[in-house]
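This report examines confidence, symmetry, aromatic contacts and helix geometry in turn. The sequence and structure are shown first.

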Protein chains: 2
Amino acid sequence: MGSDKTRFGLDETRIPEAWYNVAPDLKNPPAPPKAFAPDGTELGPDQIGERLASLFPMEILKQEMSAERWIDIPGAVIDVYKTYRPSPLLRARQLEKDLGLPEGVKIFYKYEGVSPAGSHKPNTAIPQAYYNKAEGITKIATETGAGQWGSAMSIAGALYGIDVEVFMVGVSYDQKPYRRILMETYGGTVHKSPSNLTESGRHVLAMDPDSTGSLGIAISEACEVAIKDPGTHYALGSVLNHVCLHQTIIGLEAIEQMALANEEPDVVVACVGGGSNFAGIAFPYYHRKLEGKSKARLLAVEPKACPTLTAGEYRYDLGDEAGMTPQMLMYTLGHDFVPAGIHAGGLRYHGDSPLVSQLVHEGEAEAVAVDQTACFAAAVQFARAEGILPAPESSHAILAAINEAKDAQAKGEDRTILFNLSGHGHFDLAAYAAYNAGELKDFDFAAGATLCDDAL
Amino acid sequence: MGSDKTRFGLDETRIPEAWYNVAPDLKNPPAPPKAFAPDGTELGPDQIGERLASLFPMEILKQEMSAERWIDIPGAVIDVYKTYRPSPLLRARQLEKDLGLPEGVKIFYKYEGVSPAGSHKPNTAIPQAYYNKAEGITKIATETGAGQWGSAMSIAGALYGIDVEVFMVGVSYDQKPYRRILMETYGGTVHKSPSNLTESGRHVLAMDPDSTGSLGIAISEACEVAIKDPGTHYALGSVLNHVCLHQTIIGLEAIEQMALANEEPDVVVACVGGGSNFAGIAFPYYHRKLEGKSKARLLAVEPKACPTLTAGEYRYDLGDEAGMTPQMLMYTLGHDFVPAGIHAGGLRYHGDSPLVSQLVHEGEAEAVAVDQTACFAAAVQFARAEGILPAPESSHAILAAINEAKDAQAKGEDRTILFNLSGHGHFDLAAYAAYNAGELKDFDFAAGATLCDDAL
C-alpha cells in the first residue's frame, strides 16, 4: 500500500461529470423547509415553491429537492471548472516529519486555494451563474460579509456575462476596501448595506441612520431586489442542498486522487460554517462507505465560539436573522445568535446545512469544536512546513487533522488522514498580524457575543 | 492540428529533471562581470570570485558561470516544486471570443500564480535555499521592495529550515504591512531599511534620519550582513544567470504542455523587469529553435516608464544604485535611474538580466514597451474573461499578447500566442483601485522620475 509521492494530480479529462447528491442515501428522507404567512398560518409546499421560484432558477430548485443520486454537470460548467480544476491533492510530508509521526500515520490534503477566488466558493458560484444565465436571468443579487462569497459570485458573473449586485455589510464595506475592489474589478456592483436602495435598507436606516449593517440585513436587501425584479435572482454561497451538491466535486476528485496514492483515508476532515466545504469532501466518502469501499470517519470541525453542531439544538429555525428565508431542520444556536468576533468569518453562522446536520444527527458524521488560537498555531506550523498560508477557516481542519495524527501516534495505530484545505490566507493577513502580535483571544460559546465585523 | 481543450495539465511525474542553461547556446560567450577596487584598479576573475563566494554558495556560483547546457534539478528541490508544480497551461478561449478572433488566432498562457507566493519567484527561491542549506549556511539575508521576493524567500527558508532576514525598503515597510506580516508568518525577520543594524544603514541615517530607504540601500544592507557573517549568505530574485536558469522550469513544462495541445507557439511573450520570468519561458523556446523544432519569436514586454531593452544602452553597468554589485554587460538606463511610480513594481529596474540583454542584442529576442493604463485595461479584460486577476507586472504580457492577436487578425494570418502569466494580483488591489477610479497615469521614459514607492 501507499507510495512515496507527494502530489497526486488528475488530468483535466478526469474532472467528474456528475455531482453526488447525498439526499437519497440518507437514512431518513430530508425534512422539507417550512414557512409561515404573516398571520402565522403554515404555507403549503406549492406556496413555498412559488416563493423560492422568484429567487432561484428552476434547475437549481430541482437540484435543491432532487432525489437523484447523480446529477450531470453541464459541459459549459466543466469548461469553466477547468480554469482551476482538478485541484491538487498533496501529502503533507514535511508536516508529518515536523510532527514526528510514525510511518503508518499519514496526512493528505485537498487544496482548493488554486481557484481564482482563492477558495472553494467558485465551485458553486459557477454553476449558479450558469443556470441563471440559461434561464434568461440578467442579474444576480447576493449578500456578502467581508467579501469571500461576493468575490466568487462576481467572478462567476463575469465569466457568464451576468450582472452581479452585492450588498456588503456596512462595516466591512468601510474596513475592507480591497475585497470590494476585487468584486468591482470583476464588474460587480457593490452597495454598502443597509442602503437606500431597498425598503429593508431604508427601514433600518430610519431606525438607526448610523447602522453598520449585518449579514441578516444584507440578505434581506438582496432578496428584496430579486423578488421585485423578474430579471433578477438571488444566490447563496452555503447551507442549501444545491450548494452542497456542487461542492461534491471536491470529494469526487479526492477519491480518484487517493486511489493514485494507493490510500484510503481513515478519517476525512473539514471545517464547518454553513457546511459547504465539509459537504464537498465528506458526502462522496459517505457514498463510498455505503458502497462498502471505505470505512472513513467523517469529521466536521467548528469554532468553539460558534459550536453549532456540538452545542446547538436540532430543530427548525430560520436561515437568517431577519426572517426572509424559510425555516429548515438543522442544528442551530438560534437565528438571533451573534457569535464572538473570531477571524474565521466564514464559520460564524448560527445554523448549518440541513444535509450536514442530518448526517451528524443520524450518527454518520462526527463534530468537534476547537479554539481560535490553537487553529492559528496549526496554520502557522502548516505554512512553514508545506509552504501554503491557509485561510483562518481552513486552519480548523488543519488543527483537527494534526490532533487526529497525534491521537493515532499516542495509541500506536496506523491512520490515514485526509483534510480539505478550503482556501489560502492571502486576504487574511490582518488576522495573522493579530495572531503574530499575541492579540488573539479564545471565546467560549458561553462567553456570549462580541461582534467583531472585521472577521466577517 | 490543435484540440478543443482548454487546460493542458502535466502529471507531477513529468516535472522536468534538469534546468536549461542558455549560456553555451548564445552566439557569443557571455561577457564576464567586472569589478573595481576602491582605487579604480580592475579586479581579476579570482578576486571577483572570492567576493561572490562570500555571498553565494559554490553550487550557485558554478551555475552562474556554467557552460553546461543541462543542469540536474536535485530531487529534494523537485519534491518541494511539487507543492505547486507542474503549473497549469491554459487556452484563453473566452478571451479569444471576447476579442472576436478568427479560428487560426489562438492565445495560450502558462499560469505561475498557483505557487504559495502567488508568483514565479519560488522557482528560484526554493533551489537557492536548498543549495545554501546543503553548504551549511544557516541564514540568508536579502532585500525586498514591496515584499514579493522577500515573501518567496521567506517561504523557501521555512521549507528548508534556514533563517531569512529581509531588509525592506522603509516606505514599503510602513505602507505595506500585509506583505511584512506574510514574511513574518513564515518565520522571516523583516527590518525597516535603512536600519541601525548595518554600517550602510547607519551611514544613511546619519545623513538623513528620515530616509524612507531605497532598493539600493536595502541591497547594501543585506550584502553587508552576508559578508560579515560566514554563516550568512545573500540571495537575489532576478537578473543573475542562476536565477534565469532556475526559472526555465516554466518554459520546459510549457513545451510539454503545448505538445499536449498539438500546438507550437508562433510567439512567446513575457514581461521583463530584471528578466527572470521572461528567461523562464523564453530560453527553452530559444533552445527549441536551435533544435529546428520551433520558429517562435521571443517577445519581451516592458513598461514605457522603464524601457530598459527598448531605450537603454548596451554597456557595463552596476546592478544596484549603491555600487555593492559587480558591473555586468546589459541594457541599462543607468544605475542611478529612478523610474516613474508605476504599479508594476517588479518591472521598475534600471538594468536587465545580462543573458536576456544578450539575446536581445544578438537579435534573437524582440522587445516592446507599453503604457500602464493599457496594461490595466488588458488585465481587467482578461480577469473578466478568464477569471484570474493578474499581477500588474503580468498584465504587460497580456496586453502584448492581445496586440499580437489583433495584429494577426488584421493581417489575416494564423498565429498561436503563448504568454507567461507570472502571478496573481491578490496583493495588488490598491493598484486596481487606482485604475478603477481613473487615477492611473502613463509615464514616458523622457518624463523622468516620479518615485512612488507604493509601487515597489
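Is F376(A) buried or exposed? In this predicted model, F376(A) is buried, at a relative accessible area of 2%.

## Confidence of the model

The predictor assigns the complex an ipTM of 0.93 and a pTM of 0.94. For chain A the mean pLDDT is 93, and 97% of its residues reach 70 or more. In residues 448-456 of chain A, however, the pLDDT is below 50, although this stretch has 32 contacts in the model beyond near neighbours in sequence. Where pLDDT is low, the predicted coordinates should not be read in detail.

## Relation between the two chains

Two copies of a chain are related by a rotation about an axis and a shift along it. Here a rotation of 180 degrees, with a shift of 0.0 Å along its axis, superposes chain A on chain B with an RMSD of 0.0 Å. The two copies are therefore related as by a two-fold rotation axis. Within chain A, V114(A) has the C-alpha nearest the axis, at 2.8 Å from it. Both copies use the same surface, in that 98% of the contact residues of chain A recur in chain B.

## Aromatic pairs

Over all chains, the whole structure holds 22 aromatic pairs. One of these pairs joins Y314(A) and Y331(A), whose ring centres are 5.0 Å apart; their planes lie at 45 degrees, so the pair is tilted. Because Y314(A) belongs to strand 11 (residues 313-318) of chain A and Y331(A) to strand 12 (residues 327-332) of chain A, the pair ties together parts that are 17 residues apart in sequence. Y314(A) is partly exposed, with a relative accessible area of 23%, whereas Y331(A) counts as buried at 11%.

The rings of F376(A) and Y435(A) have centres 5.6 Å apart and planes at 20 degrees, so this pair is stacked. F376(A) lies in helix 16 (residues 372-386) of chain A and Y435(A) in helix 18 (residues 429-436) of chain A; the pair therefore ties together parts that are 59 residues apart in sequence. Y435(A) counts as partly exposed, at 24% relative accessibility, while F376(A) is buried.

## Charges over ring faces

K34(B) is placed over the face of Y316(B), 4.3 Å from the ring centre. R179(B) lies over the face of F427(B), at 4.0 Å from the ring centre.

## Helix geometry and burial

Helix 16 of chain A has 15 residues, which at 1.5 Å a residue should span 21 Å; its end C-alpha atoms are 21 Å apart, in agreement. Its buried residues include C375(A), F376(A), A379(A), F382(A), A383(A) and E386(A). An α-helix has 3.6 residues a turn, so residues three or four places apart point the same way. Just after helix 16 of chain A, G387(A) adopts a positive phi of about 95 degrees.

In helix 8 (residues 177-185) of chain B, the buried residues are R179(B), R180(B), I181(B), L182(B), M183(B) and T185(B). Among them is R179(B), the residue over the face of F427(B). Helix 8 of chain B is followed by G187(B), with a positive phi near 100 degrees.

Conventions:
Residues are numbered from 1 along each chain as its sequence is written. Chains are lettered from A and ligands numbered from 1 in the order in which they are written. This is a predicted model: local features need pLDDT of at least 70, side-chain atom pairs count only at pLDDT 80 or more; totals for chains, interfaces and linings use all residues. Side-chain values use heavy atoms; hydrogens and water are left out. Rings of Phe, Tyr and Trp (its six-membered ring) pair if their centres lie within 6.5 Å; planes under 30 degrees apart count as stacked, over 60 as edge-to-face and the rest as tilted. Helices (H or I, at least four residues) and strands (E, at least two) are DSSP runs, numbered from the N terminus. Buried means under 20% relative accessible area, exposed over 50%, partly exposed in between (1.4 Å probe, protein chains only). A charge sits over a ring if NZ of Lys or CZ of Arg is within 6 Å of the ring centre and within 35 degrees of the ring normal. pLDDT is the predictor's confidence in each residue, from 0 to 100. Contact means heavy atoms within 4.5 Å. Copies are superposed by least squares on the C-alpha atoms of residues with pLDDT of at least 70 in both. The expected span of a helix is 1.5 Å times one less than its number of residues.
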